[in-house]
Amino acid sequence: MYNLCCISNELKEQDLKFQTMTWKRFNQLCDEHGVEYALDQLGQRWLNNVEVTRLCIEHCSDNGWGYRVSSSLFPCLTHPAFQFTVEDVPQYEQIMEEFRDIVYYNETWQVRLSTHPDQFNVLASENNLSVEKTIAELNHHGWVMDKLGCERSYYNPINIHVNNTKGELDDIACRFMSNLAKCDESVTSRLVVENEDKGCWTVANLISHFNIPITYDNLHDRCNFSQANLSASNMASCAATWGSVKPLFHYSESMPDQKNPRKHADMPTDCPATDRYDWDIELKSKDAAIRELAMIELVRQSEEMGLYDTQMNTANKVMEEDKEVLKELTHEGTARIADPRYREDRSY
């Protein structure tokens with residue numbers, strides 16, 4: 001299954017899109033119009049973003065896709081200096097009602113949901129303030145996933161990078177896991193790590209130092225390769241870390257004619273190597289890229305079926321020829337059985 005990441009360009013064309021507000025703008029509104037006005041403006045954006053999330057999930061259901069929930073549904077909410085909660089905006093009840101609708105409808109839609117918090121989340125940081133901020137941010141994402149009705153399991157993963165290379169790998173991994181244990185269960189039950197496109201956190205090193213599921217990113221692996229297991233591909237090695245849960249991996253391709261291979265392409269020229277796993281599609285054209293991937297996969301399957309049909313036709317032709325030969329041999333064999341000279345000859 002292919003998954004849409006955060007933004008639907010097709011919904012965006014209908015003017016159904018996410019809204020944001022910077023911390024600076026929130027404070028400007030507070031200064032110019034008062035806190036109540038600023039909270040109302042912020043609450044309108046939060047409500048819009050949850051409504052658009054519901055429409056995105058429905059859109060994915062209609063197309064048979066999964067969905068990666070945006071990590072920016074609630075601008076300003078997790079800012080360290082923000083002194084309010086979701087309950088403090090006038091739209092609170094409407095926001096909760098939207099969440100309840102998503103839970104209700106997704107019982108029918110069955111869209112697999114995930115999320116990918118931003119790069120500034122560094123659980124292995126040596127800076128305590130950075131770690132505290134990361135824990136608060138991850139707990140917020142765990143809360144969102146709970147409100148969306150997600151399982152507290154790796155089926156609905158929260159995916160982050162280790163994003164730290166300072167020190168020995170054992171020490172980094174130890175800091176990461178120690179700080180993960182300080183997070184809410186809504187996070188610890190879902191958090192997975194991803195191989196990175198540069199630095200030390202390749203597939204091989206993640207497998208050697210972590211005992212939580214590893215998200216395989218094909219483009220990152222190509223840019224920063226390190227063989228994890230001589231008897232299995234890196235993709236298969238990552239899949240084994242997910243246990244009984246179907247892995248959710250990332251697929252992208254390099255932008256053509258660019259010096260930097262890490263830059264993501266708009267559209268695909270290939271498709272994931274297997275459908276045994278689910279795939280977040282990290283190509284810039286979003287819906288159009290997924291539709292193109294489906295076409296590429298369909299063409300490939302047709303070509304394989306065409307080869308299969310050719311092979312079967314050849315095999316059937318050989319079988320028919322063999323039947324004719326057997327008829328002749330059977331007739332000849334019957335004659336030989338009657339002849340004493342051939343009674344001990346079992347070769348026919």
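**Entry 1. Helices H3 and H4**

I began with the contact between two helices, in which Gly 43, Trp 46, Leu 47, Val 50, Glu 51, Thr 53, Arg 54, Ile 57, Glu 58 and Ser 61 of H3 meet Gln 94, Ile 95, Glu 98, Phe 99, Asp 101, Ile 102, Asn 106 and Trp 109 of H4. By class, I recorded eight nonpolar, five polar and five charged residues in this contact of H3 with H4. I note here that the model is predicted. I then looked up the geometry: the axes of H3 and H4 come within 9 Å and cross at roughly 10°. H3 is therefore roughly parallel to H4, because angles under 35 degrees count as such.

**Entry 2. The chain as a whole**

I next took the overall figures. The protein chain holds eleven helices and eight strands. Of its 348 residues, 45% count as buried. I also looked at contacts with a separation of 6 or more, and residues 24 or more positions apart account for 71% of these in the protein chain.

**Entry 3. Helices H2 and H3**

I returned to H3 (residues 35-63) and examined its packing with H2 (residues 23-33), where the angle is about 140° and the axes are 7 Å apart. This angle makes H2 oblique to H3. I recorded the crossing of H2 past H3 as right-handed. From H2, the contact takes Phe 26, Leu 29, Cys 30 and His 33; from H3, Val 35, Tyr 37, Ala 38, Leu 39, Gln 41 and Leu 42. I sorted the residues of this contact of H2 with H3 into eight nonpolar, two polar and no charged.

Where does Met 21 lie? I found Met 21 in the loop between helix H1 (9-12) and H2. Its relative accessible area is 5%, so Met 21 is buried. I listed its contacts, setting aside neighbours within four places in sequence: Phe 26, Leu 29, Gln 41, Leu 42, Arg 45, Pro 75 and Cys 76. Among the residues of the contact of H2 with H3 are Phe 26, Leu 29, Gln 41 and Leu 42, and Met 21 touches each of these. I also checked the pair Met 21 and Leu 42, which are 21 residues apart in sequence and 7.1 Å apart in space, C-alpha to C-alpha.

I followed the list to Cys 76, which is found in the loop between strand S2 (66-69) and H4. At 12% relative accessibility, Cys 76 counts as buried. I noted its phi near 75°, a positive value in a residue other than glycine.

**Entry 4. The nonpolar core**

I then turned to the largest nonpolar core, which has 81 residues. Which residues have the most contacts inside it? I found Phe 74 and Phe 176. H3 supplies the largest share of this core, ten residues. For Phe 176, not counting residues up to four places away in sequence, I listed Leu 123, Ala 124, Ile 160, His 161, Val 162, Leu 191, Val 193, Phe 210 and Ile 212 as touching residues. As general background, I note that nonpolar side chains in soluble globular proteins tend to be buried together.

**Entry 5. Helices H4 and H5**

I went back to H4 (residues 92-109) and looked up its packing with H5 (residues 128-147): the axes come within 9 Å and cross at roughly 60°. H4 is therefore oblique to H5. The contact consists of Met 96, Phe 99 and Val 103 of H4 with Trp 143, Val 144 and Lys 147 of H5. I counted its classes as five nonpolar, no polar and one charged.

Ser 285 counts as buried because its relative accessibility is 19%, and buried means under 20%. Leaving aside neighbours within four places in sequence, I found Ser 285 in contact with Asn 9, Asp 266 and Met 267. Lys 286 is found in the loop between S8 and H11. Is Lys 286 buried or exposed? I found that Lys 286 counts as buried, at 18% relative accessibility. Its phi is near 55°, a positive value in a residue other than glycine.

In helix H11 (residues 287-338) I looked up Met 295. At 46% relative accessibility, Met 295 counts as partly exposed. I recorded 9.4 Å between the C-alpha atoms of Met 295 and Cys 271, which are 24 residues apart along the chain.

Definitions and conventions: Residues are numbered from 1 along each chain as its sequence is written. This is a predicted model: local features need pLDDT of at least 70, side-chain atom pairs count only at pLDDT 80 or more; totals for chains, interfaces and linings use all residues. Side-chain values use heavy atoms; hydrogens and water are left out. Axes are lines fitted to C-alpha atoms, for helices over the stretch in contact, and angles run from 0 to 180 degrees between N-to-C directions. Helices (H or I, at least four residues) and strands (E, at least two) are DSSP runs, numbered from the N terminus. Angles under 35 degrees count as roughly parallel, over 145 as roughly antiparallel, 65 to 115 as roughly perpendicular and the rest as oblique. A crossing is left-handed if the near helix is turned anticlockwise from the far one by less than a right angle, and right-handed if clockwise. Contact means heavy atoms within 4.5 Å. Ala, Val, Leu, Ile, Met, Phe, Trp, Tyr, Cys and Pro count as nonpolar, Asp, Glu, Lys and Arg as charged, and the others, Gly among them, as polar. A nonpolar core is a set of buried Ala, Val, Leu, Ile, Met, Phe, Trp, Tyr and Cys residues joined through side-chain atoms within 4.5 Å. Buried means under 20% relative accessible area, exposed over 50%, partly exposed in between (1.4 Å probe, protein chains only).
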